[in-house]
Amino acid sequence: TTTSEAPTTTEAPFEAPEGALVSYPADAAPALDGVADDAAWADATGITVAASGGSNTGSAEVTLKSVHSGDMVYFLVTWDDPTESYLRSPWEKQADGTWAQKKDPDDKGGDNNVWYEDKMSLIWNIGDSIPDFETLGCFTACHAGENPDAKPYGNKYTQEEGQLGDIWHWKSVRNLNQVDDQYLDSTRYSPDTPGAGRHGDPSDGGGYTNNKTEDGSLPAYMAPDGGSKDGAPGYILDSEKVEFDDSLFAVGDLLPGIYKAEFTGDRGDISSGFAYADGRWTVEIGRKFVTGSEFDVQFDDLAGLYHFGVATFDNAQVRHSFQTGVSALVFKP
């Protein structure tokens, strides 16, 4: 009697491109709490990206890990920062009883490097629409030195209409349980478009608001009972804000310059938990593979390659440290 065995097929082993960030499958999604002690992260191998050229600290070694579970992809981003910067344009009570917001004396417009916050951003090429992004990263959209009288650090925009980037802009003071979901297009600078190509995704509400009266002379709100009086934690929760009561404050007291809530709608697509401890930021991020938004990168092909760039901001409004070149994300089956 002759027996025959069915032919066997051998799948080629997974092999990531050199230097790529690999998103590993996880049995359970990590908790987005800024602690990063989940088993998913322990089992993932990360990459380290050098960012340089920014104000204050001037550089950072950024470590990234990624895992995926269900219909979600997660990222862990960590980097050293000698100080937690949370006094973002706080109000201070003056000797004559008036109030003024603290300002960077060298800020000539949108260039605060003293009274600001720590930030980090990832920028993704949407649908490979930005030529040269795979080699140049965000440099293809950076236009330093343009309109120096109005924008000391220049502008950011793509070259042609239809070229879109997805900006994940984490802000340590202004974000609440989220990363600010933004996008980049070809809009040039004008007095009516001071942000040039940078825009927030459409939002139904929430987000952050400058804490000032209509005439700009006073804070509009305070935390219950006046809060800490030293400006901490740098914000007031919209859900807790109460009408400002000047009688609760003494000369030299500080009060946060913004109040905030979670974004609703497209701009609130990216969940996050973050914490500062022992001279290091830990930011955990989660987003659905596919959001359906024209302003988002869609991770709709898990066999694909997705390019991104990294930037960190040490208490700087725009003068960030930047990655030279670009990184790539791949998904391990």
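A cavity, on a 1 Å grid over the protein atoms alone, is a set of points where a 1.4 Å probe fits but cannot get out, and a residue lines it when an atom lies within 4 Å of a point. A volume is the space filled by probe spheres set on the points, which are joined across faces, edges and corners.

The model is predicted, with local features requiring pLDDT of at least 70 and side-chain atom pairs pLDDT 80 or more, while totals for chains, interfaces and linings use all residues. Residues are numbered from 1 along each chain as its sequence is written, and side-chain values use heavy atoms, without hydrogens or water.

Two or more lining residues come from each of β3 (59–69), β4 (72–80) and β21; strands here are DSSP runs (E, at least two residues), numbered from the N terminus. The lining divides into three nonpolar, seven polar and three charged residues. In this classification Ala, Val, Leu, Ile, Met, Phe, Trp, Tyr, Cys and Pro are nonpolar, Asp, Glu, Lys and Arg are charged, and the others, Gly among them, are polar.

**Second stop: the largest pocket**

A pocket, unlike a cavity, is an open set, with protein on both sides within 12 Å along at least five of seven lines. The largest pocket has a volume of about 820 Å³. Select Arg 198, Phe 313, Gln 317, Val 318 and His 320, the closest to its centre of the 35 lining residues. The elements that each give two or more residues to this lining are β7 (119–125), β8 (142–143), β9 (155–156), β10 (165–171) and β21 (306–313). Of these, β21 supplies the largest share, four residues. By class, the lining holds 17 nonpolar, twelve polar and six charged residues.

Next, select β10, where seven of seven residues are buried, that is, under 20% relative accessible area with a 1.4 Å probe and protein chains only. In a regular strand the side chains alternate between the two faces of the sheet. In β10, Gly 165, Ile 167, His 169 and Lys 171 lie on one side and Asp 166, Trp 168 and Trp 170 on the other.

Strands count as paired if DSSP finds at least two bridges between them. Seven bridges join β10 to β7 in antiparallel fashion, and Asn 125 stands opposite Gly 165. Five bridges join β10 to the antiparallel strand β11 (residues 178–184), in which Leu 184 is the bridge partner of Gly 165. Between β10 and β11 the hairpin has six residues, and Asn 177 takes a positive phi near 60°.

Move to β23 (residues 327–331), where five of five residues are buried. Ser 327, Leu 329 and Phe 331 point one way, and Ala 328 and Val 330 the other. Which strand pairs with β23 in the parallel sense? The partner is β1 (residues 21–25), over three bridges, with Ser 23 bridged to Phe 331. The pairing of β21 with β23 is antiparallel, also over three bridges, and Tyr 306 has Leu 329 as its bridge partner.

**Last stop: a three-stranded sheet**

Finally, select β6, β5 and β17, which form an open sheet in the order β6-β5-β17 with antiparallel pairing. The edge strands are β6 (99–101) and β17 (254–255). Two bridges join β5 (residues 91–93) to β17, and Trp 91 is partnered by Leu 255.

Methods:
Buried < 20%, exposed > 50% of the residue type's maximum accessible area, 1.4 Å probe, protein only.
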